[in-house]
Amino acid sequence: MKSEVFQTAWQLFRENIFESFGECLRAAWQRAKLVVRLRAGLAYFRFRKANGEIREAIGTLNSSIFSYQPKSNGQRRQPSPVVVRYWDVERRAFRSLRIINFLGFN
């Protein structure tokens, strides 16, 4: 897990998302913790939406909790270290958030 976090931090640093590597490392750890919670089951978290509104979300990446039929032929984009995709339990759809807008867990 440590190597994955450092790889994510370096990607964030190369893309000039944050001013220092320390900020990139902090964001990478937050992203890793969020993804672990999402894969384990339901995660309750907060983030700032693009319009500035604070959103409290309940999400998951555990496929035993939701069912989804993809609309495409299976081609997936390369995952971005900046964005976390999750299944929104309340809205019953995939959503995403930018890790720089993540505020914490409820």
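Reader: Why is Arg55 called buried?

Author: The relative accessibility of Arg55 is 8%. Buried means under 20% relative accessible area, exposed over 50%, and partly exposed in between, with a 1.4 Å probe and protein chains only. Arg55 therefore counts as buried. The model is a predicted one, in which local features need pLDDT of at least 70 and side-chain atom pairs count only at pLDDT 80 or more, while totals for chains, interfaces and linings use all residues. Residues are numbered from 1 along each chain as its sequence is written, and side-chain values use heavy atoms, with hydrogens and water left out.

Reader: What makes the pair of Asp88 and Arg55 a salt bridge?

Author: A salt bridge is a side-chain nitrogen of Lys or Arg within 4 Å of a carboxyl oxygen of Asp or Glu. For the side chains of Asp88 and Arg55 the N to O value is 2.1 Å, so the pair meets the definition. This pair links distant parts of the chain, with Asp88 in strand β3 (residues 83-88) and Arg55 in strand β2 (residues 54-60), 33 residues apart. Helices (H or I, at least four residues) and strands (E, at least two) are DSSP runs, numbered from the N terminus.

Reader: Is Asp88 buried or exposed, and how do you know?

Author: Asp88 counts as buried, because its relative accessibility is 0%.

Reader: Which other residue forms a salt bridge with Arg55?

Author: Glu90 does, the closest N and O atoms being 3.7 Å apart. Glu90 lies in the loop between β3 and β4 (93-98) and Arg55 in strand β2, so this pair ties together parts that are 35 residues apart in sequence. At 51% relative accessibility, Glu90 is classed as exposed.

Reader: How many salt bridges does the structure hold?

Author: There are 3 salt bridges in the structure. One of them joins the side chains of Glu53 and Lys49, at 3.9 Å from N to O.

Reader: Why are Glu53 and Lys49 called partly exposed?

Author: The relative accessibility of Glu53 is 42%, so Glu53 counts as partly exposed. Lys49 has 27% and therefore also counts as partly exposed.

Reader: What makes Phe47 a buried residue?

Author: Phe47, in strand β1 (residues 43-48), has a relative accessible area of 6% and is therefore buried. Contact means heavy atoms within 4.5 Å. Not counting residues up to four places away in sequence, Phe47 touches Glu53, Ile54, Arg55, Ala57, Tyr86, Leu97, Asn101, Phe102 and Leu103. The C-alpha atoms of Phe47 and Leu103 are separated by 4.9 Å, although the two residues are 56 residues apart along the chain.

Reader: Why is Phe94 called partly exposed?

Author: Phe94 belongs to strand β4, and its relative accessible area is 25%, so it is partly exposed. Leaving aside neighbours within four places in sequence, Phe94 is in contact with Phe66, Tyr68, Arg85, Tyr86 and Trp87. The C-alpha atoms of Phe94 and Thr60, 34 residues apart along the chain, are separated by 9.5 Å.

Reader: Is Thr8 buried or exposed, and what does the class rest on?

Author: Thr8, found in helix α1 (residues 2-14), has a relative accessibility of 11% and therefore counts as buried. Beyond its neighbours within four places in sequence, Thr8 is in contact with Ala28, Arg31 and Pro81.

Reader: How do you know whether the radius of gyration agrees with that of a compact globule?

Author: The radius of gyration is taken over C-alpha atoms, and the globule rule is 2.2 Å times the number of residues to the power 0.38. With 106 residues, a compact globule would have a value near 13 Å; the chain has 14 Å, which agrees. The C-alpha atoms fill a box of roughly 40 × 30 × 25 Å along the principal axes.

Reader: Which secondary structure elements does the chain have, and in what order?

Author: The chain has 2 helices and 5 strands, running α-α-β-β-β-β-β from the N terminus on. Buried residues make up 32% of the 106 residues. Of the contacts between residues at least 6 apart in sequence, 49% join residues at least 24 apart.
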